[in-house]
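Open the model in your viewer and keep the selection panel at hand. The stops below go from one selection to the next.

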2 protein chains.
Amino acid sequence: MDSRLLSGAVEMLMLEVISHGRTYGYEISQTVDSRSNGYFSLKEGSLYPALHRLEQQKLVKSSWHEVEGRRRKYYELTSAGIKALDAKKQEWQAFASGIQGVLGDGQSATVVPAV
Amino acid sequence: MDSRLLSGAVEMLMLEVISHGRTYGYEISQTVDSRSNGYFSLKEGSLYPALHRLEQQKLVKSSWHEVEGRRRKYYELTSAGIKALDAKKQEWQAFASGIQGVLGDGQSATVVPAV
DNA sequence: CTCAATACCTAATCGAGCTAGGTATAAAGC
DNA sequence: GCTTTATACCTAGCTCGATTAGGTATTGAG
């Protein structure tokens with residue numbers, strides 16, 4: 001799929017997944033992948049920098065934990081993160097219906113008659 | 001609005017507008033603007049380079065015309081452009097339902113992949 | 001002992017939207 | 001006449017973020 005489309009929604013998706021409970025980068029990418037039936041794939045080069053941006057914006061906070069011999073950086077939403085997720089979801093709805101509005105009354109593509 | 005969201009859909013929107021009939025850059029931006037109730041605004045710095053990309057990909061073709069003392073570069077879809085628009089619309093539908101799937105109930109999304 | 005999966009990270013590249021300029025004509029206001 | 005606004009096109013440079021393609025380290029399976 002066109003990564004350009006996804007790029008506007010990556011942070012919303014990540015916040016959404018984190019909102020379901022404390023989780024970590026690798027699991028987030030697996031979750032997004034499986035919940036979209038493999039349609040979305042968050043590459044590591046997008047995922048980790050995005051997590052760092054979210055943390056810098058104080059929308060998430062992190063803590064290292066050792067589980068089953070693996071060090072993981074767990075993330076959870078801050079209260080600002082909860083609000084931001086809500087705002088992003090609303091923005092997404094507005095955006096999606098805006099697109100439908102432009103696509104909407106248009107039928108399928110047709111050939112343009114000559115001038 | 002977040003231009004990042006829009007960035008994946010710019011070319012689809014432009015192709016869609018052009019599919020309604022021969023038109024030109026300035027009018028395309030006005031149309032997108034008005035059809036989305038001002039929600040989307042295609043800046044000139046995005047619009048014109050995008051038109052040139054579409055033309056280079058042979059999805060549109062252009063011709064200069066003088067109308068009411070104004071020179072305009074009119075665009076229309078090629079047959080490849082018609083197909084591309086159709087594909088982009090399907091991809092958009094798949095993408096949007098994929099997002100809904102992740103946002104929605106947390107169950108797997110039913111995504112119809114674009115051909 | 002090697003390979004795959006798990007789990008994190010980042011430097012370099014690249015694509016595309018935005019800013020902020022430019023040119024030019026027509027119409028409306030003063 | 002002169003200026004401003006709208007129309008109509010263009011592009012160089014900036015910036016942001018996704019991808020590519022590497023790196024480190026541990027665990028478990030073959």
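A residue is near a strand here if its C-beta atom, placed from the backbone, lies within 6 Å of it. Two or more residues of this surface come from each of α3 (25-35), α4 and β3 (70-77) of chain A, and from each of α1 (3-7) and α4 of chain B. By class, the surface near DNA strand C has seven nonpolar, eight polar and nine charged residues. Nonpolar covers Ala, Val, Leu, Ile, Met, Phe, Trp, Tyr, Cys and Pro; charged covers Asp, Glu, Lys and Arg; the others, Gly among them, count as polar.

A note on the model and its labels: this is a predicted model, in which local features need pLDDT of at least 70 and side-chain atom pairs count only at pLDDT 80 or more, while totals for chains, interfaces and linings use all residues. Residues are numbered from 1 along each chain as its sequence is written, and chains are lettered from A and ligands numbered from 1 in the order in which they are written.

Now select DNA strand D. Around DNA strand D there are 25 residues, and the closest are S3(A), G45(A), G69(A), G25(B) and Y26(B). At least two residues of the surface near DNA strand D come from each of α1 (3-7) and α4 (44-56) of chain A, and from each of α3 (25-35), α4 (44-56) and β3 (70-77) of chain B. Here α4(B) gives the most, with six residues. Colour this surface by class to find eight nonpolar, eight polar and nine charged residues.

Chain B superposes on chain A by a rotation of 180 degrees with 0.0 Å of shift along its axis, at an RMSD of 0.1 Å. That is the relation of a two-fold axis. The superposition is by least squares on the C-alpha atoms of residues with pLDDT of at least 70 in both copies.

Which residues make the contact between the chains? It takes 39 residues from chain B and 33 residues from chain A, where two residues are in contact if their C-beta atoms, placed from the backbone, lie within 7 Å. On the side of chain B that touches chain A, α1, α2 (10-19), α3, β3 and α5 of chain B each supply at least two residues. The largest share of that side, 14 residues, comes from α5(B). The side of chain B that touches chain A divides into 20 nonpolar, ten polar and nine charged residues. Of the interface residues of chain B, 74% are also interface residues in chain A, so the copies meet through the same surface.

Next, select helix α5 (residues 79-104) of chain A and helix α5 (residues 79-103) of chain B; their axes come within 12 Å and cross at roughly 155 degrees. That makes α5(A) roughly antiparallel to α5(B). Axes are lines fitted to C-alpha atoms, for helices over the stretch in contact, and angles run from 0 to 180 degrees between N-to-C directions. Angles under 35 degrees count as roughly parallel, over 145 as roughly antiparallel, 65 to 115 as roughly perpendicular and the rest as oblique. Show the side chains of K89(A), W92(A), A96(A), I99(A) and L103(A) in α5(A), which meet K89(B), W92(B), A96(B), I99(B) and L103(B) in α5(B). This contact of α5(A) with α5(B) has eight nonpolar, no polar and two charged residues.

For the last stop, go inside chain B and select α2(B) and α3(B), whose axes come within 10 Å and cross at roughly 105 degrees. That makes α2(B) roughly perpendicular to α3(B). L13(B), M14(B), V17(B) and I18(B) of α2(B) make the contact with I28(B), T31(B) and V32(B) of α3(B). The residues of the contact of α2(B) with α3(B) are six nonpolar, one polar and no charged.

Methods: Helices (H or I, at least four residues) and strands (E, at least two) are DSSP runs, numbered from the N terminus.
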